[in-house]
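Trainee: I have a new model open and would like to learn how to read it. Could we go through it together, one question at a time?

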Amino acid sequence: LDLGLPKMDGVSILERWREDGKTFPVMILTARDRWSEKVAGFDAGADDYVTKPFYTEEVLARLRALLRRASGHAVAAIEAGSLRLDTRAARATVNGEPIKL
């Protein structure tokens with residue numbers, strides 16, 4: 001996924017995919033190399049972030065690794081019964097009630 005798309009930026013597209021429940025692996029390929037842009041990409045749900053220029057062999061190796069790890073856990077929240085842990089927001093809830101950490 002490139003971040004510099006003509007009609008909508010890549011981070012917004014990725015956020016929409018994740019909100020819609022899409023859990024497929026996503027690699028961002030972009031010229032944007034500031035740390036804050038990388039953090040935004042990962043927080044939006046990216047599994048990897050590669051800046052241009054890049055070596056094709058490295059991108060292929062990263063794609064193979066993404067496919068190996070793909071297990072449907074592309075969202076930041078982990079749920080077990082009534083317990084929900086949002087790893088991005090560092091919040092935990094039980095039955096929707098916040099747990100003080």
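Trainee: Which residues are linked with Asp-48 in a network of salt bridges?
Mentor: This is a predicted model, where local features need pLDDT of at least 70, side-chain atom pairs count only at pLDDT 80 or more, and totals for chains, interfaces and linings use all residues. Residues are numbered from 1 along each chain as its sequence is written, and side-chain values use heavy atoms, with hydrogens and water left out. A salt bridge means a side-chain nitrogen of Lys or Arg within 4 Å of a carboxyl oxygen of Asp or Glu. In this network, the partners linked with Asp-48 are Glu-58 and Arg-62.

Trainee: How many residues apart are Glu-58 and Arg-62 in helix α3?
Mentor: Their salt bridge has its closest N and O atoms 2.9 Å apart. Helices are DSSP runs of H or I with at least four residues, strands are runs of E with at least two, and both are numbered from the N terminus. Glu-58 and Arg-62 both lie in helix α3, and their spacing is about one turn of the helix, that is, four residues.

Trainee: Why does Arg-62 count as partly exposed?
Mentor: Buried means under 20% relative accessible area, exposed means over 50%, and partly exposed is in between, with a 1.4 Å probe and protein chains only. Glu-58 counts as partly exposed because its relative accessibility is 34%. Arg-62 is partly exposed too, because its value is 29%.

Trainee: How many residues apart in sequence are the parts that Lys-52 and Asp-2 tie together?
Mentor: Lys-52 forms a salt bridge with Asp-2, and the closest N and O atoms are 3.3 Å apart. Lys-52 lies in the loop between β2 and α3, while Asp-2 is in the segment before α1, so the pair ties together parts whose separation in sequence is 50 residues.

Trainee: What is omega for the cis peptide bond at Pro-53?
Mentor: Pro-53 sits in the loop between β2 (48-51) and α3 (56-69). The cis bond joins this proline to Lys-52, and omega is about -5°.

Trainee: Is Leu-14 buried or exposed?
Mentor: Leu-14 belongs to helix α1. Contact means heavy atoms within 4.5 Å, and, leaving aside neighbours within four places in sequence, Leu-14 is in contact with residues including Val-26, Ile-28 and Ala-44. Because its relative accessibility is 0%, Leu-14 counts as buried.

Trainee: How far from Leu-14 is Ala-44, C-alpha to C-alpha?
Mentor: Along the chain, Leu-14 and Ala-44 are 30 residues apart.

Trainee: What is the relative accessible area of Thr-30?
Mentor: Thr-30 is in strand β1 (residues 27-30). Leaving aside neighbours within four places in sequence, Thr-30 has contacts with Asp-2, Leu-3, Tyr-49, Val-50, Thr-51 and Lys-52. Thr-30 is buried because its relative accessible area is 2%.

Trainee: Which residues form the nonpolar patch on the surface?
Mentor: Patches are made of residues with over 30% relative accessible area and no salt bridge; like charges are joined within 9 Å, and nonpolar side chains (Val, Leu, Ile, Met, Phe, Trp, Tyr) within 5 Å. Accessible areas come from the Shrake-Rupley method with a 1.4 Å probe, and for residues only the protein chains shown count as cover. One member, Val-94, is in strand β5 (residues 91-94). With about 350 Å² of accessible area together, the members are Leu-83, Val-94, Ile-99 and Leu-101.

Trainee: Where is Asn-95, and what is its phi?
Mentor: Asn-95 is found in the loop between β5 and β6. Asn-95 counts as exposed because its relative accessibility is 62%. Its phi is a positive value in a residue other than glycine, near 55°.

Trainee: In what order do the elements of the chain run?
Mentor: The chain has three helices and six strands. Reading from the N terminus on, the order is α-β-α-β-α-β-β-β-β.

Trainee: What percentage of the chain's residues count as buried?
Mentor: The C-alpha trace spans about 45 × 30 × 25 Å along its principal axes. The chain has 101 residues, and the share that counts as buried is 25%.
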